There are 2 protein chains.
Amino acid sequence: MAGSQASHPHPYVPRDLHLPGYVPCFLSQSNILSVFASFTVILFSLTWIFSGRLKKTKVDRLLIFWWAFTGLTHIVLEGYFVFAPEFFKDNTGFYLAEVWKEYSKGDSRYVGRDAGVVTVEGLTAVLEGPASLLAVYAITTGKSYSYILQFAISLGQLYGTAVYYITTILEGDNFSTNSFYYYAYYIGANFSWIIIPSIISIRCWRKISVAFQVQSQTKKHKSR
Amino acid sequence: MAGSQASHPHPYVPRDLHLPGYVPCFLSQSNILSVFASFTVILFSLTWIFSGRLKKTKVDRLLIFWWAFTGLTHIVLEGYFVFAPEFFKDNTGFYLAEVWKEYSKGDSRYVGRDAGVVTVEGLTAVLEGPASLLAVYAITTGKSYSYILQFAISLGQLYGTAVYYITTILEGDNFSTNSFYYYAYYIGANFSWIIIPSIISIRCWRKISVAFQVQSQTKKHKSR
């Protein structure tokens, strides 16, 4: 049937983006956000209770939450995007498809399947997602690779975010439906993934440098 | 004059790539490679003599050479590419322009100014280049941040290389003039930047993990 190929008009910029089979969002912005907020609150409660029983420090308890949160976001949310290139045709109201239909109003390179965006999201979902869950395990059990692992993932997140923003500028920075979506989604939704990995990287860098100072002092003591 | 706007036919794929003002290579492939090989040999000799006087281990001496080599390559060669978007119009036979005219036969996204390629090369030239020279200093003077710095740069190099190859595949993997250039330039010239950063990352990961094992044993000793 010819009718099944007819597209709804899409809300994305550039306006001439060709999206055959596009189906508009079923959920409202507030619905989408409240599901994500509920997931965050539930995850925070669970990790806080769990880490409290293990008598971890407050910083470790916050880190356990962060790595569980960012790991699940990478694997579930970003993993879906990477492996569902036709999410914009979804007509079932499936939550993960709705998220990316909505987010694409802030950056249409998602719905437009820009190679740079898919690459960064692919590396994030496939490598950094599972590595983040490994970080939960490493902090919980006090592994000696805990800091270097957290540093590696944070640096990967920062590198990915840098590629994400620099490619936008080089490609003309004209992928937002309007300036509300630009600041709320394109800037706002990614902001945590600049601030938090920066803080964690600096903390790990310091902890690792101190460990080597301790090691070299221990050697000096022994050699006396 | 209309004549000054007339382009020479270019050797790049895709054939419809539009390069107004293109000027062909002046230097041959063997000329370009022998200059680069001479630079490498001279740099190796200098760093080997210099690091020998400092009574460094063989591994440290090789690492000092590698970081000096990769740092200068990032800053000079890749830095030129990033900040000279019109290198393909160079009609003076300038060496750095010749390198990129030649390399583009293996990957025309360089001469075509692909956003992903420019982004990765920009991060490499501006961040990883100077950081590599800092690594020379850190190894030479035995700084406590030496391993975490080397780990950070190596991971950045690996992330950049991953973005480089994955975007190629997503964009159709058809940017080489022929399969000789594909394997010699696109694969061959980047190969060292997969192997060596992988080895260095693994080495640093192990060294850092051991430092934390030493630190936790020292704490146990003290608390007895």
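Trainee: Which side chain does B:Arg109 meet in a salt bridge?
Mentor: That of B:Asp107, with N to O at 3.1 Å. Keep in mind that this is a predicted model.

Trainee: Are those two buried or exposed?
Mentor: Both B:Arg109 and B:Asp107 are buried.

Trainee: And over in chain A, what does A:Arg109 form a salt bridge with?
Mentor: With A:Asp107, where the closest N and O atoms are 3.2 Å apart. A:Arg109 has 3% relative accessibility and therefore counts as buried. A:Asp107 is buried too, at a relative accessible area of 1%. Salt bridges with shared partners also join A:Asp107, A:Arg109 and A:Glu171 into one network.

Trainee: What about A:Lys101, which side chain does that one meet?
Mentor: A:Glu98, in a salt bridge of 3.7 Å from N to O.

Trainee: Where do A:Lys101 and A:Glu98 sit relative to each other?
Mentor: They are in helix H3 of chain A, residues 95-103, and are three residues apart, so about one helical turn separates them. A:Lys101 is buried at 0% relative accessible area, and A:Glu98 is also buried at 0%.

Trainee: How many salt bridges over all chains?
Mentor: The count comes to 10.

Trainee: Switching to the interface, then. How much area do chain B and chain A bury between them?
Mentor: About 3000 Å², with 81% of it on carbon and sulfur atoms. On the chain B side, B:Ile148, B:Tyr159 and B:Phe212 lose the most area to chain A, together 22% of what that side buries.

Trainee: How many residues are in contact?
Mentor: 36 residues of chain B with 36 residues of chain A.

Trainee: Which helices of chain B supply that side?
Mentor: Helix H4 (115-141), helix H5 (146-170) and helix H6 (179-223) each supply at least two residues. H5(B) gives the most, with 14 residues.

Trainee: How do the residues on that side of chain B divide, nonpolar, polar and charged?
Mentor: Into 22 nonpolar, 11 polar and three charged.

How values were computed:
Residues are numbered from 1 along each chain as its sequence is written. Chains are lettered from A and ligands numbered from 1 in the order in which they are written. This is a predicted model: local features need pLDDT of at least 70, side-chain atom pairs count only at pLDDT 80 or more; totals for chains, interfaces and linings use all residues. Side-chain values use heavy atoms; hydrogens and water are left out. Contact means heavy atoms within 4.5 Å. Buried area is the accessible area (1.4 Å probe) that two parts lose on being put together, summed over both. Helices (H or I, at least four residues) and strands (E, at least two) are DSSP runs, numbered from the N terminus. Ala, Val, Leu, Ile, Met, Phe, Trp, Tyr, Cys and Pro count as nonpolar, Asp, Glu, Lys and Arg as charged, and the others, Gly among them, as polar. A salt bridge is a side-chain nitrogen of Lys or Arg within 4 Å of a carboxyl oxygen of Asp or Glu. Buried means under 20% relative accessible area, exposed over 50%, partly exposed in between (1.4 Å probe, protein chains only).
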